[in-house]
Amino acid sequence: WWSNVEMGPPDVILGITEAYRKDTSPKKVNLGVGAYRDDEGKPYILPSVRKAEDIIHKKALNHEYAPIGGEAAYCDAVAKLAFGEDSPVFKNKSNCTVQTLSGTGALRLGLEFITKHYAKTKEIWMPAPTWGNHPQICNTLNLPHKKYRYFDPKTNGFDLQGALEDISKIPEGSIILLHACAHNPTGVDPKQNEWMQLSQVIKDRKLFPFFDMAYQGFATGDVDNDAFAIRHFVKDGHQVMLAQSFAKNMGLYGERAGALTFLCGDSDSAAKVMSQVKIMIRTMYSNPPLHGARLVLEILANPELKKQCFAHADIESFIWKELAVNPYFIPTFDSSSGTVPDFDPDLTLGSELSLFSIPVQVLEINSDMRNINVTKVLADVKHMADRIISMRKGLRSGIEGAGNPHQWQHITDQIGMFCFTGLKPDQVEKLTKDFHIYLTKDGRISVAGISSKNVDYVAEAIHKVTS
Ligand code: PMP
């Protein structure tokens, strides 16, 4: 029956992982994979997710079907995380939000909805470059897609002028795809004032903005900061569409927890859109999976867990200041046991405790009593974002320190999980062949694949293939 079927091309990223697995060199490094790794190169389970798992386990919930569009409480919580608790869209009930099969499912559902119900120019304009699955989904749906300038290879930064020029020529009523933050594959995001200019030109051209937000919190470590673009567009009067994913910011890759939101003119129109989305879901997969959404909801609805997962970056310095003036937190340090007996005999490196109701973890115990170098806010997302930022710094200084003649500032200017190094295909090939370092041909590296153990090696290899 299937002799007519031709072999399809392998997935680019998965092909790299395959080749990496086969490599027997102890030096091998996988910079292709788009999943966070800890400093040991291992998958990371967020402590807030662990706690949510425990809580859910104790609830002994059943396995009945979820509603077609997912649980209302989940949809409400995730939309609030994106648009902001007090966004006017919630007062007007003008949003239609459904749970989807992670970010990809949201994109697929949203784009399919467009093929069926979008009344204006059915043409999707994407940044050049963009995540490879964006054009692929459009191809599957026979949706025409085109590109607007985004990345400037000369500066390895955002091409504001090019983007504004191209967008101002897009036919009225077309759909424009925007990465809300931590652009994949370039790691280059517009600055806030640049987003404002983009919003204006998109409004002037009467375009319909479809945001893909797969990395909220990953860019700056702060979920509100990372939602700036979306919230600004809403403030500017755009009725955006939004695909959300909790794969990266909660490390729930395989749980497939995501959401699709349509902002509509009013609650009546939102209800009509909802009725049609439900028909689409019902005929595709009937209803979404439970477990990932339960974890996300547990974290978002539980103030302690939410803080632990997403606490703001500035809380950290607040705690440090408070600690420095509060004598109760000046412990005597027993270096032989690694404990702080005056404070709490059980307090050791890695202990978790609550300070001013903010969860913190003991990362460093300093024997200098005046200098309370002992704790750090345990914000899981910030922890991941910070490790990536420190690896960027290490990589850049390693390459520059080796006396490399080129400019490497873009490594630290770019944000999120990926870095568009500017390496040419032949240099990429050399990295893989001579140094066992695996990455995509376009020179994109997943900074999450770099650790304190391999950063010097990767820097030296990049230096060698580029000088
Ligand atoms: N959009 C972008 C830009 C991405 O990079 C990803 C993940 N690679 C996704 C969406 C969707 O990922 P998931 O389906 O795992 O949520």
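Helices here are DSSP runs of H or I with at least four residues, numbered from the N terminus. With that in hand, welcome to a predicted model whose chain has 18 helices and 16 strands. Buried residues account for 44% of the chain's 467 residues.

**Around the ligand**
- The ligand is surrounded by 13 residues, and the closest of them are Ser102, Gly103, Thr104, Ala214 and Ser245.
- Helix H5, which spans residues 102-117, supplies the largest share of this shell, with three residues.
- Sorted by class, the shell holds eight polar residues, four nonpolar ones and one charged residue.

**The largest nonpolar core**
- In soluble globular proteins, nonpolar side chains tend to be buried together.
- The largest nonpolar core in this model has 118 residues, and the members touching the most others are Val78, Ile176, Ile230 and Val296.
- Helix H3 (residues 72-83) contributes the most to this core, giving eight residues.
- Both domain 1 (12-34 + 381-466) and domain 2 (49-304) are represented in this core, with at least three residues from each.

**A look at Ile230**
- Ile230 is one of the core members that touch the most others.
- Setting aside neighbours within four places in sequence, Ile230 is in contact with Ala82, Phe83, Ala180, Phe211, Met213, Val240 and Leu242.

**Contacts along the chain**
- Taking contacts between residues at least 6 apart in sequence, 73% join residues at least 24 apart.

Technical notes: Residues numbered from 1 in each chain as written. Predicted model: local features only at pLDDT ≥ 70, side-chain atom pairs only at ≥ 80, totals over all residues. Near = placed C-beta within 6 Å. Helix = DSSP H or I, 4+ residues; strand = E, 2+ residues; numbered from the N terminus. Nonpolar A, V, L, I, M, F, W, Y, C, P; charged D, E, K, R; others polar. Core = buried A, V, L, I, M, F, W, Y, C linked by C-beta atoms within 7 Å. Buried ≥ 20, exposed ≤ 12 C-beta atoms within 10 Å, placed from the backbone. Domains from an automatic or database assignment. Contact = placed C-beta atoms within 7 Å.
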